[in-house]
Amino acid sequence: AHGRSIDTSMGMTPLEGLVMGTRCGDIDPALVFYLGRRSGKDLAALEHMLNEESGLIGLCGANDMREVLRRSAEGDERARLALEIYCYRIKKYIGAYCAALGGADALVFTAGIGENAAAVREMACAGLEGLGIRHDPRKNDAVSGDVGEIHAADAAVKILVIRTDEELEIAVQAEEVIARSFA
């Protein structure tokens, strides 16, 4: 709120939150017990499975969204399902955060998938008109540059696509930490 983070989709580890390339995202905690009983795997093996063999790769065999999108467009049902689950989870988090914030001024898509996957942005925003979120398909498909606006002209909430340089941000923050430790 007011430019400050109030929440994150990740918990103690990156397993909580969205479905990722190899990580499961939000699951019922009892699933771990069920998988252990059914598979006979120990906790270390289950942890490995949830971190390295789940998510998009577990759903459709590909952990790169570009591959998931390509395969989905070609009619691969497992890739289509993985894409739908991924976007549905994004939509749930958007709704939850709008509720936590009491609304939103803007929705920002960034990083690899957010910047480059128009289909993901479209699917994640579909059905959120009641929250004031409505994208413009033409703008969404033509986004370019460091900042793109993809919301419909009459939408209450701006939808932005912002390029990021995560490596630069990590370097800047690391430099600040090092500078403070030698000050």
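Me: Which strand is joined to E1 by five bridges?
Reply: Strands are DSSP runs of E with at least two residues, and helices are H or I runs of at least four, both numbered from the N terminus. Two strands pair if DSSP finds at least two bridges between them. E1 has five bridges to a parallel partner, residues 158-162, which is strand E3.

Me: What kind of model is this?
Reply: Residues are numbered from 1 along each chain as its sequence is written, and side-chain values use heavy atoms, without hydrogens and water. Local features need pLDDT of at least 70 and side-chain atom pairs pLDDT 80 or more, while totals for chains, interfaces and linings use all residues, since this is a predicted model.

Me: Which residue of E3 is the bridge partner of Ala106?
Reply: Ala106 belongs to the uncovered face of E1 (residues 106-110), together with Val108 and Thr110. Its bridge partner in E3 is Lys158.

Me: Which residues make up the covered face of E1?
Reply: In a regular strand, side chains alternate between the two faces of the sheet. In E1, Ala106, Val108 and Thr110 lie on the uncovered face, and the covered face has Leu107 and Phe109.

Me: How many residues apart are Arg163 and Glu115?
Reply: Arg163 and Glu115 form a salt bridge (a side-chain nitrogen of Lys or Arg within 4 Å of a carboxyl oxygen of Asp or Glu), with the closest N and O atoms 3.0 Å apart. The pair links distant parts of the chain: Arg163 sits in the loop between E3 and H9, Glu115 in helix H6 (residues 111-116), and the separation is 48 residues.

Me: Is Glu115 buried or exposed?
Reply: Buried means under 20% relative accessible area, exposed over 50%, and partly exposed in between (1.4 Å probe, protein chains only). Glu115 has 10% relative accessibility, so Glu115 counts as buried.

Me: What is the relative accessible area of Arg71?
Reply: The side chain of Arg71 meets that of Asp76 in a salt bridge (3.0 Å, N to O). Asp76 is partly exposed because its relative accessible area is 23%. Arg71 is buried because its relative accessible area is 16%.
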